[in-house]
Protein chains: 4
Amino acid sequence: MSKKPLNVGMIGYGFMGRAHSNAYHVVSQFFDREYQPVLKAACARNKEKAEAFAAQWGYESVETDWRALIDRDDIHLVDICTPNNTHMEIALAAAKAGKAILCEKPLALNVEQAEIMTKAIEEAGVPNLVSFNYRRVPAVTMAKQLIDEGRLGKVFHYRSQFLQDWTISTDVPQGGAATWRLDVNAAGSGVTGDLLAHCIDSAMWHNGVITQVNAITETFVKERMHAESGKMEPVGIDDACIFHCRFENGSLGNFESTRYARGHKALYTWEINGENASIAWDLHDLHRLSYFDHGDEGKLRGWRSIHVSDHGGEQPYMDHWWVPGLAIGYAESFVHQLADFLDDMAKGVKSQPDFRNALQTQYVCDAVIQSAKSGQWVDVKKA
Amino acid sequence: MSKKPLNVGMIGYGFMGRAHSNAYHVVSQFFDREYQPVLKAACARNKEKAEAFAAQWGYESVETDWRALIDRDDIHLVDICTPNNTHMEIALAAAKAGKAILCEKPLALNVEQAEIMTKAIEEAGVPNLVSFNYRRVPAVTMAKQLIDEGRLGKVFHYRSQFLQDWTISTDVPQGGAATWRLDVNAAGSGVTGDLLAHCIDSAMWHNGVITQVNAITETFVKERMHAESGKMEPVGIDDACIFHCRFENGSLGNFESTRYARGHKALYTWEINGENASIAWDLHDLHRLSYFDHGDEGKLRGWRSIHVSDHGGEQPYMDHWWVPGLAIGYAESFVHQLADFLDDMAKGVKSQPDFRNALQTQYVCDAVIQSAKSGQWVDVKKA
Amino acid sequence: MSKKPLNVGMIGYGFMGRAHSNAYHVVSQFFDREYQPVLKAACARNKEKAEAFAAQWGYESVETDWRALIDRDDIHLVDICTPNNTHMEIALAAAKAGKAILCEKPLALNVEQAEIMTKAIEEAGVPNLVSFNYRRVPAVTMAKQLIDEGRLGKVFHYRSQFLQDWTISTDVPQGGAATWRLDVNAAGSGVTGDLLAHCIDSAMWHNGVITQVNAITETFVKERMHAESGKMEPVGIDDACIFHCRFENGSLGNFESTRYARGHKALYTWEINGENASIAWDLHDLHRLSYFDHGDEGKLRGWRSIHVSDHGGEQPYMDHWWVPGLAIGYAESFVHQLADFLDDMAKGVKSQPDFRNALQTQYVCDAVIQSAKSGQWVDVKKA
Amino acid sequence: MSKKPLNVGMIGYGFMGRAHSNAYHVVSQFFDREYQPVLKAACARNKEKAEAFAAQWGYESVETDWRALIDRDDIHLVDICTPNNTHMEIALAAAKAGKAILCEKPLALNVEQAEIMTKAIEEAGVPNLVSFNYRRVPAVTMAKQLIDEGRLGKVFHYRSQFLQDWTISTDVPQGGAATWRLDVNAAGSGVTGDLLAHCIDSAMWHNGVITQVNAITETFVKERMHAESGKMEPVGIDDACIFHCRFENGSLGNFESTRYARGHKALYTWEINGENASIAWDLHDLHRLSYFDHGDEGKLRGWRSIHVSDHGGEQPYMDHWWVPGLAIGYAESFVHQLADFLDDMAKGVKSQPDFRNALQTQYVCDAVIQSAKSGQWVDVKKA
C-alpha cells in the first residue's frame, strides 16, 4: 500500500472511545482513502485501563497524561473522547500543537468555552471535525441530498425527539466513568447537550439556522448518589427538555428529549414537512428512510419506507458495504464520518461539522437552557 | 323519496346475518341507489330468536320456515346466511320462486352442490351474488383497478394467507349455532371453505384462474365434543391447509390457512408481485394498501403505505364516507357489496362474484381437499 | 320494543351532522339501551338542504329556524353541529327550554362564551355532553382504564400531535359551508380549537389538569379568498400551533398541531410515559393500541401492538361489534359516545365530558392562544 | 496479548470472502477469545485480484492455487468462500491436511458430494463449521433460546420465505464471478441452495427435522447470456421455489423463495406458531424480534416488537457491542459466528452447524428439487 499513515492519539476509552477506535480499525477495509489511520497511542489517566484499551484495539502505545500525548511528534490526529468538561483544555493544546482534531460532541460545557475553542482552532488552521455522527447515517445523509435538490419546496415544520429511559431508577448514580453524563460539572447539561445537541445539529444541517427558542426543562430526580463522593448530591442536569423555535426560513421547530420515556432506548427521530414532500427518520431503524412525495399520483400517495441498502451507488455510502437488503448498524456512522474526514484532509478542504458549526449548535443549546431558566423567548446568537 | 323498495327476506341470524342486516340498514344513508332495501322478514327455526333478531334490526315480520319466507310474494331478495349445508336447498327454492339471491360463501358444501345451484340460478335468470365481501374493501378494490390498468406487467407470484388462532383450545366444541364451522357435516370443510375460499376468490379476481394445485391439510385436534350430541366425536374438518398452485398466466401461488397460528385473529393477507410493481394488503389494517412501484426513482424506491381514505373520489367507495385520514372498518365492506348489488339490479347487469364465479372458487377448494387426500397434483376444473 | 323514544332535533348538516346522524341511526342495532333515538327533526337555514339531509338520514321533519326547533315540545335532545360561532346562542336557548344537549366541540368561540354556557346549562340541570368523540375509540378508552388501574406509576411525559395537510394550497378559501374552519369569525381559532382541543381533552382525561402553557402559533398563508365575500381577506386563524406545558401531576406536556404537515391526513397521536409503562395511539390506525410494560421479563420487553377487536368483552365496546381481528372505524366512536350518553340519561347520571369539562379544555385553548400572542407562560384557569 | 494465533487461509474473494475477512479483522476487538485470527494468506486464481484483496484486508501473503495454500504448514484454518462447485475438492484436501474448516453454504452441489465431505471431515476429526450465519443474528439466536426454554408449547406451524428481485431483468447474465449463482454448473441449484438453504437451516434448528416435502419450482427466464461463453444458454437453475412439508414434531411447514418478488431485496422472514407463543423475524429489520405471548393478560395481548440491543447481557451477543437502542447490522452475524467457532475450538467442543448438520439441510434441498421434478411427495433422508 502506498497510503499515507495518519497517526492517531486517542484520549478517552469509554463508549465513544470504542466507537471511534472501531472506525479507525476498519475504515480502510471499506473506503479507499489516501490516508491510512494508524492507532499510535491511547491515553487514559489510569495506566491499567489505558493498557487494556490499547491491547483490545491495537494501539501501539499508551499515555496517562494527555499533554504528553499531544507533545509527541508522531501523533497527527488527536481524538477527544473524554467527558465534556475536558474538551476545551485538550482541544486548545492540540490546536496549539498543530494536530488535526476530532472532538466528540457537545463541543464544550458552554458557549464561552466553545467560542474560545473555535477561535483557537481557526487561528491554528488545523483540520477539525466534531463528531455529530448521525449526519453520516446513510438515510440521514440522503435526506440532506433530497433537501438540497429542492424536493421539499417551502418548509413549514421540523420536529425531532430523542427519548431514552435509562435514568428512571433513582438508583442510577451521577458522576464517575459510567455515569458522568448525569453530573452537571462533567457534562455541562443533561439531555440538552447529550441528546438534543444531535437533534439540533441535524435540524440546522437540514433546515438552516434556528433563530429563537422557548424551552422548558425538568429534573425529575432531585438527588442522586455521586459515584466519586459516595454521597447523595443535588442533580444539576436537565432530565428532560422540550423547546419550540423558529428557523430562519420561517418554519417552526418542535424538539423534545428525555431520559424518562419508558420503553424507548434511543428513539431519536426527526421529520421535516415541506410544501411538496416530507421526510422522516428513526434511529431505532436507522437503515430506513420515510418519504412522502406529494408529486405522486393522487390515489397512490403514501409514505414510502425506503430500505437504504444500496441501489447501484445512488444511496450515500452504501456501495461500500454489502448487497441490497442487508443493513448496516450504528457503528458504520463513525466509519463514514472518518472516511469523509480522511478524504477532506487529503484534499485540503474543510470538514463539516467543524468547530464553528458546532459552536452554532452550542448557541442553541445555551439559549435553550437560558430560556428554560427565564421562561422567556431567547434569541440565538449566530456563529 | 322516490326510491323503489327492495324487500329483503333474511334467513339466518348469526354473525353474517348481523353483518348483512347492518348493510341493509345503512346503505341508503351513504349510497344513493334506485333501490331502497326494506327489512321485510327475518327467518330462523327458533321463533324467539327470530323475533329478537327482527326486533334488533327492524325486520317487519318473522318466519320460522324458510320455505314460507320464500313463498311470500312480498319478498324480492332472499339473503342466505345459514350454515353451508343448507345453502343449496334454499338457493334452489329461491331461484325457482324468482327471487334475487344474496348467498354467503362458500357457495356450497362441495362442487356437486355448487354445480346444481349454478345451473338452476342461471336457468332462473335471477340476480345473484355470493358474499365474498373482501373484494369491496376499498384497498382491495383499488388493487384490482391497478392490476386492470396494467401497472404490474407480467405477474410472477401471488401469495395469500388467512391465519387465526381461535380453535387451539381442545375445549372448543364442534357443531351447534356458534361452532358449526368445526363440524364437517355443517361446513363441508374447515379452513379451506371458510377462510381459503376468501383468499382464492381474491386471488382469481386479481390474477386469473388457478389451474393446478398441490395441498396438505392437517387436523390437529382429532376429537371434539359435539354441541348437539354432547359426545366426543371425530373432527372431520381441516384445521390447517397449505397449497401451492399454478395460475393460467404462468405465475405461482402459495396459500396457507389455519386456526392454530397463535397471535393472529384474522390475519388475512395477500401479495402480488409483478415485473413492474407489487401490491400487498392485510385485513388487520384493512384501510391501508402497500404498493411498490419499480418505476419510482431508484434511490427513492420503497413500499408505500397508502391510507385509503379518500382523495377526491379517486379511491373506490371512500367519497361516500368521512374525510381523509378517517378509517372505515370491516362492516363497510358489506355496505359496498350491497350498494354494488343494488346498482347492478337497477341497471339490469350481472353482479360479480355470481354463482358461476363462486363455483370456480369451489372447484379450487375441492381440488385442494382432493390433493391433500391423494398427495398428488390435481387439475382444477373450469367453470 | 319497550324502549323509550328520545326525539332528536339536529341543527347542522355538515360533516358532524352526518357523523351524529349515523350514530342515532345505528346505535340501537348494536347497543341495548333504554332510550331509542328517534330522528324527529333536522334544521338548516336553507330549506332544500334541510330536506335533502332529512331525506337521506330519515328525519321526520325539517326546520329552517333553530329557534323553532327548540320551541317544539316533541324534541327531547338538541344536537348542535353548527359552526362554533353559533354554539352559545343555541345552547343557551336549548338549556332554557329544558332540552338535553349534545354539542360539537370546541364548546365555544372563547372562554367568555364557554363560561356563560356552562353556567346556564348547570342552572338548567339538563343532560349535556360535548362531542370529544375520540374518548370513545376503544383503544383510547382502554388506555384510560389502564391509567386508572394504576399501571403507569408516576407519569413523566405526555405528548400529542394532530397533523393534517389540507390547507397547504393557497387556493383553499376561507368561510362558507365547507371551509368555515379557516374563518376566524366562524371558528374562533384555527388548529387550536379544531384539532388541539381533541388532544387537550384526551390529555386531561388521561393525565389530569394542565396548569401552565407556553405556545407558538403561525399563520403560513396570510390572505385567502373569503367564500362569502368573494374577496381576498386576511386570515385570522392559527395554521399551526405548538405548545409545551406542565400538568398538575408534575409531568411535562408537548403538543403540536398543523394543517401544513405534508403527508398526514389526520395524524392524531398521543403517548404517555409512566415509570412502569407507556401507552401510545394513532388515529390513522385507531383500532390498535401500543403498550410497553416495564414489568415484562427484561429480554422480552417490547412495544406491544394490541389489535383492539374484542377479547371476550375485556376490551371496551368491542363485544358489541364483530369477531376478533375485524376492525371498526371512525364512525363507531360516535356510536359509543351516544350509547354512553343514552345510558347516562337512563340512569340519571352526568355524562362526561360535559360543558364544565369542555370549559376546562377551553381554558387551555385560550391560554395557548394568549401565550402565543404574548410570548409568555400563561397560567390556566381552573373550571 | 497472550492470545494463541490462528492462521487463516482464505480461498475466494467475493461477497462472502469480504464478509468473512471482516469478521477475522474485528472479532478480537469485541470478543475476548483465546484464539486470535491472523490473516495469513488469501487465495485466488487471478494473482492481481488476490493481491488487491490481500492488501485491502491485510492478508500477509497470497496464493493462486488453493492446493498450495492447504499445503502450507502455517495455515491453521481454511476458509472456503468459493462457488459451490469447488467446495468438495477443497474441503476434502483441507480435511486430509488436518486443517480446521469454515465452509460457506450450501455445503455442496448435491447430496452425493455432501455425504462424501461429511464422511471425510468426520474421519479427519478436524474442527468444522458451515456458514449459516443467520443463526448468529441476536434476534434469531434469542428465538432459539425461547424455544429451548419451552415457551412455545406444542408447535403447529413454521413458515419462512426469502424473497429477492434482482434477476427480473433478462439482461442479467449467468456464470462468471458476479453471477455464478445463476449458472447451474457452478451453483448446483438456484434459490433452493442459495436462499432456501438458509430458511431450512434455521427452521430445523428451531423446530427439528423436516421429514417430507412437496415442492414446485419455476424458471421464469429460460435463457440468459453466459458471462464466460458470451452466448445465450439455457438457464438450469430454479428462479423460484415453493414447498410445504412436515416436521418430525407434527407441525406443518411452508417455504417460499424467489428472485422475482419486485420490491424485496432480501426479505428473509420466518415465523413459528406454538400453542402458547409465536415468534417472527425479518432480515430487513434484523435487530427486531416479534413475539406474541398468549400468557399475557387477555386484553393486553399483542405482538411485541423487541429491539434486540442489549438488556444487561440477557440478549445474546449484544453486551459486546454498544448501548441499548443502537442497532448492529448484517456483518455482525459473521463476527458472532466466528467468535463462537473460536470459542468452540479453544474448548475442544464441536461447533454447530457442522458438516453433518449441513448435510441434513442438503438432504432437504435435494428432496425439494426432486419433488419439484416428480410432482410427488419425497421423504427426506436423515443424516
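Me: How far apart do the C-alpha centres of domain 1 of chain A and domain 2 of chain A lie?

Reply: The model is a predicted one. In it, chain A is divided into domain 1, residues 4-133, and domain 2, residues 135-378. The distance asked for is that between the C-alpha centres of these two domains of chain A, and it is 23 Å.

Me: Which element gives the most to the side of domain 1 of chain A that touches domain 2 of chain A?

Reply: The contact between the domains joins 39 residues of domain 1 of chain A to 38 residues of domain 2 of chain A. On the domain 1 side, at least two residues each come from H1, strand S5 (100-104), helix H5 (111-124) and strand S6 (128-131) of chain A. The element that gives the most there, with 8 residues, is H1(A).

Me: Which element gives the most to the side of chain A that touches chain D?

Reply: The contact takes 26 residues from chain A and 26 residues from chain D. Two elements of chain A give two or more residues to this side, namely helix H1 (15-30) and helix H2 (47-57). By class, the side of chain A that touches chain D has 14 nonpolar, 9 polar and 3 charged residues. The element that gives the most to it, with 5 residues, is H1(A).

Me: Which strand gives the most to the side of chain A that touches chain C?

Reply: Here 29 residues of chain A are in contact with 29 residues of chain C. At least two residues each are supplied on the chain A side by several strands, among them strand S7 (155-163), strand S8 (210-218) and strand S12 (252-258) of chain A. This side of chain A divides into 13 nonpolar, 11 polar and 5 charged residues. The strand that gives the most to it, with 4 residues, is S12(A).

Me: Which residue stands opposite Asn128(B)?

Reply: In chain B, strand S5 (residues 100-104), helix H5 (residues 111-124) and S6(B) make a right-handed β-α-β unit. The strands S5(B) and S6(B) pair in the parallel sense over 4 bridges. Asn128(B) and Val130(B) point one way from strand S6 of chain B and Leu129(B) and Ser131(B) the other way, and all are buried. The residue opposite Asn128(B) is Ile101(B).

Me: In which loop of chain A is Pro353(A) found?

Reply: Most residues other than glycine have a negative phi, and most peptide bonds are trans. The peptide bond from Gln352(A) to Pro353(A), however, is cis, with omega near 0°. Pro353(A) is found in the loop between helix H10 (331-347) and helix H11 (355-374) of chain A.

Me: What is omega for the peptide bond from Lys105(C) to Pro106(C)?

Reply: Pro106(C) lies in the loop between strand S5 (100-104) and helix H5 (111-124) of chain C. The peptide bond that leads from Lys105(C) to this proline is cis, with omega near -10°.

Me: Is Tyr317(C) buried or exposed?

Reply: Tyr317(C) lies in the loop between strand S16 (303-307) and helix H10 (331-347) of chain C. Its phi is near 70°, a positive value in a residue other than glycine. A residue is buried if 20 or more other C-beta atoms lie within 10 Å of its own. Because Tyr317(C) has 23 C-beta neighbours inside 10 Å, it counts as buried.

Note on methods. Residues are numbered from 1 along each chain as its sequence is written. Chains are lettered from A and ligands numbered from 1 in the order in which they are written. This is a predicted model: local features need pLDDT of at least 70, side-chain atom pairs count only at pLDDT 80 or more; totals for chains, interfaces and linings use all residues. Two residues are in contact if their C-beta atoms, placed from the backbone, lie within 7 Å. Ala, Val, Leu, Ile, Met, Phe, Trp, Tyr, Cys and Pro count as nonpolar, Asp, Glu, Lys and Arg as charged, and the others, Gly among them, as polar. Domain bounds come from an automatic or database domain assignment. A residue is buried if 20 or more other C-beta atoms lie within 10 Å of its own, exposed if 12 or fewer, and partly exposed in between; C-beta atoms are placed from the backbone. Two strands pair if DSSP finds at least two bridges between them. A crossover is right-handed if, with the strands pointing away from the viewer, the path from the first strand over the helix to the second runs clockwise.
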